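Open the model in your viewer and keep the selection tool at hand. The tour goes one selection at a time.

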Number of protein chains: 2
Amino acid sequence: MTSTPHPPYFAVIFTSVRADNDHAGYDRAAQRMVELAQRQPGFLGVESVRGADGLGITVSYWQTEEAIRRWRDEAEHRLAQQQGRAKWYTRFSLRVCRVERAWDFAADQ
Amino acid sequence: MTSTPHPPYFAVIFTSVRADNDHAGYDRAAQRMVELAQRQPGFLGVESVRGADGLGITVSYWQTEEAIRRWRDEAEHRLAQQQGRAKWYTRFSLRVCRVERAWDFAADQ
């Protein structure tokens with residue numbers, strides 16, 4: 001799980017349904033995108049889960065909307081986006097959000 | 001995947017790590033909370049995925065922040081929240097967000 005600063009900051013909620021194809025290529029690209037995102041200015045973290053039914057939710061956290069725009073326009077990321085639309089995803093939704101309030105809980109050990 | 005209206009609307013991002021216990025009781029309560037939430041005024045939808053490693057992401061969508069507060073304070077939901085802290089979750093984070101912009105993609109069939 002991702003530690004984030006006090007709000008406000010920004011989140012991109014990416015929900016998707018994977019087509020059942022090119023698993024190795026997709027996994028390689030997904031790993032590469034995490035590495036690239038981590039080098040972007042304003043990147044705060046990312047969490048990603050995909051279920052056995054192919055539904056996935058990835059949430060990335062960013063300091064500013066400008067940081068999100070720069071990441072959207074990053075060249076290698078743009079190539080991955082093209083492959084996503086052409087091949088990897090049956091459907092997806094992208095939502096850009098402003099995080100207003102946040103809480104954490106950790107159980108006593 | 002959830003169809004939502006044009007922004008702005010609100011999202012609650014709930015990320016959690018499940019303790020390895022009470023799977024039947026947890027699944028029953030999770031199903032019940034979805035049913036209850038669907039009856040709440042202002043509820044727009046929910047998406048939830050949990051990975052084999054126990055990390056889960058649930059995103060619920062709401063028309064207003066007031067709808068989120070009413071759901072937080074709903075009596076049976078409060079009991080489930082107590083069980084979540086006492087038993088089901090090792091860690092969790094809750095983030096209340098305002099969705100500013102959104103896009104959908106669907107592949108040609």
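Which strand of chain B is joined by bridges to strand S4 (residues 89–106) of chain A? Select both S4 strands: 15 bridges join S4 of chain A to S4(B), and the two run antiparallel. Strands here are DSSP runs (E, at least two residues) and helices are DSSP runs too (H or I, at least four residues), numbered from the N terminus. Two strands pair if DSSP finds at least two bridges between them. Now pick A:Arg101; its bridge partner in S4(B) is B:Val96.

A note on the model before going on. It is predicted, so local features need pLDDT of at least 70 and side-chain atom pairs count only at pLDDT 80 or more, while totals for chains, interfaces and linings use all residues. Residues are numbered from 1 along each chain as its sequence is written, chains are lettered from A and ligands numbered from 1 in the order in which they are written, and side-chain values use heavy atoms, with hydrogens and water left out.

Next, select the side of chain B that touches chain A. The contact (heavy atoms within 4.5 Å) takes 39 residues from chain B and 39 residues from chain A. Together the chains bury about 3,800 Å², 59% of it on carbon and sulfur atoms. Buried area is the accessible area (1.4 Å probe) that two parts lose on being put together, summed over both. In chain B, color B:Met1, B:Arg95 and B:Phe105: these lose the most area to chain A, together 22% of what that side buries.

Now show the two chains whole. Chain B can be laid on chain A by a turn of 180° and a shift of 0.0 Å along the axis, with an RMSD of 0.0 Å. That is the relation of a two-fold axis. The superposition is by least squares on the C-alpha atoms of residues with pLDDT of at least 70 in both copies. The copies meet through the same surface, because 100% of the interface residues of chain B are also interface residues in chain A.

Last, go to chain A and select A:Asp22 and A:Lys87. Their side chains meet in a salt bridge at 3.2 Å, N to O. A:Asp22 is in the loop between strand S1 (9–18) and helix H1 (23–38), and A:Lys87 is in helix H3 (residues 75–88), 65 residues apart.

Note on methods. A salt bridge is a side-chain nitrogen of Lys or Arg within 4 Å of a carboxyl oxygen of Asp or Glu.
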